[in-house]
Amino acid sequence: MKFKVNNNEVFASTGGRPFDKKKPLIIFVHGSGLTHMTWVLQTRYFAFHGYNALAVDLPGHGLSSGESLKSIEEMADWVNDVIDAVGHKEASLVGHSQGCLVTVECTSRYPEKIKTLSLMGGAGAIPMNPELLSLAENNDPKAVDLMMDWAHGPAGHFGGHPVPGLYHINTGTMLAKSRTIQNTLGVDFRACDNYKNGFDAAKKIKCPTLSILATDDKMCPVKEGKKLASLIDGSQVDIIDNCGHMMLLEEADRVLTVLKKFITTNYPPLSS
Amino acid sequence: MSDKKKELKPNTYKFDTLSLHAGYQPHKNAGSRQVPIYQTTSYLFDDVDHAAALFNLERGGHIYSRISNPTVGVLEERVASLEGGTAALATSSGMSAIFLTIMTLCEAGDHLVVSSQLYGGTVNLFRLTLPKFGIQCTFVKPRDTEGFKKAIQKNTKGIFGELVGNPGNEIMNMPEIAKIAHDAGIPLMVDATYQTPYLCKPFEHGADIVIHSLTKWMAGHGSSMAGILVEGGKFDWMQNDKFPTMTKPYEGYHGLSFAEEFGPTAFTMKARAEGMRDFGPCLSPQNAWNVLQGIETLSVRMKKHCSNAEEMVKYLSNHESVAWVSHPSVPDHPDHELAKKLLPNGRGSMIAFGIKGGKDAGVAFINNVKLASHLANVGDTRTLVIHPASGTHSQMDEATLKFAGLSHDMIRLSVGIEDIDDIKNDFEIGFRAARKPRLVSNQ
Ligand SMILES: Cc1ncc(COP(=O)(O)O)c(C=O)c1O
């Protein structure tokens with residue numbers, strides 16, 4: 001669906017079900033240079049099971065208009081604005097990669113609104129390789145190729161997509177190249193690199209929190225994810241073997257099973 | 001030098017490695033090194049919730065082998081990876097891949113612009129069968145780039161062609177024609193059966209959908225029928241209102257908007273969810289496995305196909321019984337330069353040549369060669385010959401034959417990977433027989 005935030009049109013997938021104000025809201029926030037489509041194997045399930053599952057395209061990304069936001073803090077405020085814009089008072093947040101920085105920051109800023117937080121491939125800080133950052137800022141498609149290489153685990157490099165017929169690396173590549181690289185990936189990488197508040201923000205989080213990490217994640221290694229989780233009171237950690245940073249696609253089923261249990265327990269759906 | 005910082009390079013697998021490994025993870029298949037053949041029709045659901053989730057495309061997975069099968073799935077991913085595509089859907093034959101592509105794209109009242117030099121079966125589909133479904137086509141000669149533009153109408157939903165026309169070897173200017181298609185907001189579909197991704201990756205030249213008859217070079221062994229459609233993932237279905245069944249909540253699939261939900265894989269998702277459900281031309285797991293065996297050696301075979309073809313071009317060009325030779329490697333071939341650009345790894349192994357003495361000589365040649373097989377196929381590892389005017393295109397009348405770029409003296413040769421001297425020796429037998437009726441009739 002489309003709606004306005006700060007006068008810019010925002011696109012969010014509703015997982016194949018119409019938006020329904022009565023249902024609790026889950027907002028899914030994608031990673032650097034990506035779009036709502038990375039969440040397709042999680043959102044549709046929640047949408048069909050008593051939730052509004054809103055996989056947003058950040059400004060300037062995917063089907064959303066406007067310019068990309070330049071800092072994680074601005075993105076965090078923007079996620080809060082999304083909750084207001086769709087007429088809800090509260091939400092659960094789910095983030096991937098950069099989306100974890102955004103949702104951690106958002107939860108620490110608006111603790112009364114955020115009911116649960118789920119982090120996939122998260123870390124307290126995501127310092128960027130300077131060469132990769134420079135490639136992305138210079139609109140070099142090699143930045144996407146490098147990201148796709150590092151973002152998939154050894155297993156994902158062979159393929160084996162959960163949806164028959166889809167090929168991981170090329171699908172991810174096309175998503176990341178769907179808009180101008182320097183305006184999406186370039187801006188996002190810089191925002192990640194600049195963001196220093198993750199650990200402090202984590203300490204303020206009081207809502208139930210889940211971290212899903214993967215053993216072959218090169219971008220946000222398990223060690224970093226655990227460090228972040230250790231700062232959040234009572235946070236749960238689930239570690240997936242044989243999987244890379246794109247766990248939400250590489251091991252979509254496992255991620256969904258863990259996420260489903262966590263969210264339905266801590267933020268129940270509208271029963272039909 | 002040694003302290004110079006190492007340049008970052010993506011380490012994703014390359015073509016030859018993907019040919020052997022893409023789409024398959026042994027650790028999820030009992031450690032089986034070879035791809036298992038999942039000879040099954042259907043798959044257990046964990047519970048009712050799981051069943052519903054699979055039907056709603058909430059989760060990935062298999063339901064019923066008409067829709068998808070794990071062995072077939074490996075083949076689909078493998079070809080997608082080799083083409084540089086986002087997704088693929090394998091079918092029971094090349095023809096069903098073409099039909100499914102068109103049926104996913106078009107509805108009654110739509111129009112297509114189509115290259116006139118196509119495999120005979122495809123010509124029939126576009127000329128006679130699709131109009132029965134209310135889909136009209138305008139044929140344009142493959143070299144007439146402007147003609148493609150002129151033929152586009154308001155209701156045109158795509159351009160379709162074979163990169164190197166069959167059997168006249170006319171090459172369509174894919175980058176230019178892709179631009180024409182994209183300026184009109186429609187996709188370019190390319191049947192790249194003759195090239196395989198080893199010779200050309202059409203997505204790199206602007207194609208949006210690539211189709212293969214896997215029956216041919218991809219498999220190579222000539223044992224199995226199979227086809228596939230591959231999606232490039234770049235085409236923006238939402239840029240206009242031409243494709244409502246892709247972009248609007250679609251009644252045909254529970255109100256799903258394929259483009260919104262699946263973006264770069266939307267076309268394949270729709271072709272599978274709707275097309276396989278309603279038409280059902282599924283590939284058998286055994287045939288998928290057979291094709292996979294062929295793809296493992298694709299680049300090795302294609303190199304030999306191409307080097308043998310170039311040898312045969314030289315041999316035929318200098319032969320007293322040959323009137324003309326058509327192959328993109330021949331310097332005076334009208335598309336010689338374009339072929340260099342689009343087919344840098346080799347110009348393919350399809351040769352057309354004219355035999356002196358016309359139709360009778362052609363028939364005598366075909367009837368007398370011993371090693372080359374006379375049959376209605378191309379792209380076997382064995383050398384194949386046919387005389388189109390009396391074989392593949394025999395249903396065509398004189399005028400259509402000419403429009404398709406054919407002549408009565410034309411022999412179509414699909415060069416195999418046998419020892420080159422054996423192929424030449426065999427052709428000598430054929431040419432000797434072909435000269436005889438001419439000598440007789442000349443007296
Ligand atoms: C270029 C081309 N496309 C499609 C086909 C049809 O493929 P199949 O025979 O696998 O149905 C053929 C068959 O000869 C072909 O040569």
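**Exercise 1. Domains of chain B**

Task: In this predicted model, how many residues of domain 1 of chain B are in contact with domain 2 of chain B, and how many residues of domain 2 do they meet?

Solution.
- Step 1. On the domain 1 side of chain B, 40 residues are in contact with 44 residues of domain 2.
- Step 2. The domain assignment of chain B places domain 1 at 15–294 and domain 2 at 299–442.
- Step 3. Between the C-alpha centres of these two domains of chain B lie 30 Å.
- Step 4. Together, domain 1 and domain 2 of chain B bury about 3,100 Å², and carbon and sulfur atoms carry 60% of it.
- Step 5. Of the area that domain 1 of chain B buries against domain 2, 25% comes from B:Y198, B:L199 and B:W217, more than any other three residues supply.

**Exercise 2. Chain A against chain B**

Task: State what area chain A and chain B bury between them, and which residues of chain A lose the most area to chain B.

Solution.
- Step 1. The size of an interface is often expressed as the accessible area lost when the parts come together.
- Step 2. For chain A and chain B this area is about 3,900 Å², with 55% of it on carbon and sulfur atoms.
- Step 3. Chain A contributes 46 residues to the contact and chain B contributes 50 residues.
- Step 4. A:R44, A:F158 and A:P164 lose the most area on the chain A side, together 17% of what that side buries.

**Exercise 3. Two helix pairs**

Task: Classify the crossing of α5(A) with α7(A) and that of α4(B) with α5(B), then list the residues that meet in each pair.

Solution.
- Step 1. In chain A, the axes of α5 (residues 142–151) and α7 (residues 168–176) come within 10 Å, crossing at roughly 140 degrees.
- Step 2. An angle over 145 would count as roughly antiparallel; α5(A) and α7(A) are therefore oblique to each other.
- Step 3. The crossing in which α5(A) passes α7(A) is right-handed.
- Step 4. From α5(A), A:V144, A:D145, A:M147 and A:M148 meet A:I169, A:G172, A:T173 and A:A176 of α7(A). This contact has 5 nonpolar, 2 polar and 1 charged residues.
- Step 5. In chain B, α4 (residues 94–105) and α5 (residues 120–129) have axes that come within 10 Å and cross at roughly 30 degrees.
- Step 6. Angles under 35 degrees count as roughly parallel, so α4(B) and α5(B) are roughly parallel to each other.
- Step 7. α4(B) and α5(B) make a right-handed crossing.
- Step 8. B:M95, B:I98, B:F99 and B:I102 of α4(B) meet B:G121, B:T122, B:L125 and B:F126 of α5(B). By class, the contact holds 6 nonpolar, 2 polar and no charged residues.

How values were computed. Residues numbered from 1 in each chain as written. Chains lettered and ligands numbered in written order. Predicted model: local features only at pLDDT ≥ 70, side-chain atom pairs only at ≥ 80, totals over all residues. Heavy atoms only, no water. Axes fitted to C-alpha atoms, helices over the stretch in contact; angles between N-to-C directions. Helix = DSSP H or I, 4+ residues; strand = E, 2+ residues; numbered from the N terminus. Parallel < 35°, antiparallel > 145°, perpendicular 65-115°, else oblique. Left-handed = near helix turned anticlockwise from the far one by under 90°. Contact = heavy atoms within 4.5 Å. Nonpolar A, V, L, I, M, F, W, Y, C, P; charged D, E, K, R; others polar. Domains from an automatic or database assignment. Buried area = accessible area lost by both parts, 1.4 Å probe.
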